[in-house]
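Keep the structure open while reading.

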Amino acid sequence: MKTITEQLKTGSFSQFHLIYGEEGYMTRYYTTCLKEKLSQPEDEMNCTVFSGDKLNPSAIADVGQILPFLAPNRLIIIKNSGFFKNASDMADFMDSFPDTTYLVFAEREVDKRNRLYKWMSKNGCITECKQQNAVMLEKWMAGYVKRAGKTISREAAESLLERIGMNMEMLSAELEKLIAYTGERERIEVSDVGEISSGVTVSRIFDMIDAVAQGEREKALALYHDLLANRESPMSILYLFTRHINILLQIKELSAIGYGRGELAKSIGIPPFTVAKYGKQAEMFSRKNLLAMLENRADYEECFKSGRLSDQLAVELFLMQTIDK
């Protein structure tokens, strides 16, 4: 089976696609590319989008049975259905779709033991959108600004990664600001990054974890509410907090067996110039502390998903319990 990149180049597409992973920017990018290739602009008659975790597989199958009208094919896009993580009977309908119907699933998480995932692995094209490493992101940023007729210095790209982190959605938003800010000037320099990019999310997460380490409840909660005011969702904040703790845990464990700076950066997937900063923070916690945080996080996420707590309250209680312990 050809990869999605190869299919986009050749124009020969699999009937069924699953695109998933932690890098939401790439999931949306590939989904958009397939939509552009497999449907006409604003053709709502032959392109249907389903979204959410309450979807009925039989309703999707009913739409899929309809032959395209004045078009070569019908396209169905299914977003964040949970079909690849939770039990469903979607797999029962997959063999029934006519050749003129294409299905694209865009998911955040999958369980590779899932029946639908196994069906897709045999019959469709699966694309995992992993978080990119620093080297790949610097190349991507160079290509991004090149399309706007600009270049970006390596120092500026590194500064962006340090301030913003490795989330491509956030990086693209900052690059758009820099492109507008520099106007007719061709090159984006590190001084431009200093003027335009606040780096609010990543810096707040670092500060929040410092506050947790020092038992400063009020400061940690104030930083949390700053992020909320900056339009970060509670679950996004919890994800970033968890990712940060995972990085500290890996730094601690890999350093203990002799990994150097370059090896740490490559293994963990962080920019080499941030290793020292993460390492210093990792020293503030024991391995037991870090593991306990991850366990608490899972408990409060379940409280939110089960409806026992709102997302904002769940994250706030998680922070308070983490600090108290």
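Predicted model: local features only at pLDDT ≥ 70, side-chain atom pairs only at ≥ 80, totals over all residues.

Is β1 mostly covered or mostly open? Strand β1 spans residues 16–20 and is mostly covered, with 5 of its 5 residues buried. Phe16, Leu18 and Tyr20 point one way. His17 and Ile19 point the other way. Side chains in a regular strand alternate between the two faces of the sheet. In β1, the residues on both sides are buried.

## Helix α5

Helix α5 runs from residue 134 to 146 and has 13 residues. From first C-alpha to last it reaches 18 Å, close to the 18 Å expected at 1.5 Å a residue. At its start, a side-chain oxygen of Asn133 comes to within 3.2 Å of the backbone nitrogen of Val135.

Which residues of α5 are buried? They are Ala134, Leu137, Glu138, Trp140, Met141, Tyr144 and Val145. These residues lie on the same side of α5, because they cover an arc of only 165° around the axis. The face turned away from the buried side carries exposed residues: Val135, Lys139 and Lys146.

## Salt bridges around β4

How many salt bridges does a search of the whole structure find? The count is 13. One of them joins Lys85 and Glu109, with the closest N and O atoms 3.0 Å apart. This pair links distant parts of the chain, 24 residues apart. Lys85 sits in the loop between β3 (74–79) and β4, while Glu109 sits in the loop between β4 and α4 (115–123). Lys85 is partly exposed, at 36% relative accessibility. Glu109 is partly exposed as well, at 45%.

Asp92 and Arg115 form another salt bridge, at 2.9 Å from N to O. Asp92 lies in the loop between β3 and β4 and Arg115 in helix α4, so the pair ties together parts 23 residues apart in sequence. Asp92 has 51% relative accessibility. The cut-off for exposed is over 50%, so Asp92 counts as exposed. Arg115, at 48%, is partly exposed.

## Salt bridges between helices

Asp226 and Arg204 also form a salt bridge, and their closest N and O atoms are 3.6 Å apart. Asp226 belongs to helix α10 (residues 217–229) and Arg204 to helix α9 (residues 200–213). The two residues are 22 residues apart, and the pair links distant parts of the chain. Asp226 is partly exposed at 36% relative accessibility. Arg204 is partly exposed at 24%.

Glu138, Arg154 and Glu158 are linked in a network of salt bridges. Glu138 is one of the buried residues of α5.

Key
Residues numbered from 1 in each chain as written. Heavy atoms only, no water. Buried < 20%, exposed > 50% of the residue type's maximum accessible area, 1.4 Å probe, protein only. Helix = DSSP H or I, 4+ residues; strand = E, 2+ residues; numbered from the N terminus. Expected span 1.5 Å × (residues − 1). Arc of directions from axis to C-beta. Polar contact = N/O pair within 3.5 Å; in protein donor to acceptor, adjacent residues only side chain to side chain. Salt bridge = Lys/Arg side-chain N within 4 Å of Asp/Glu carboxyl O.
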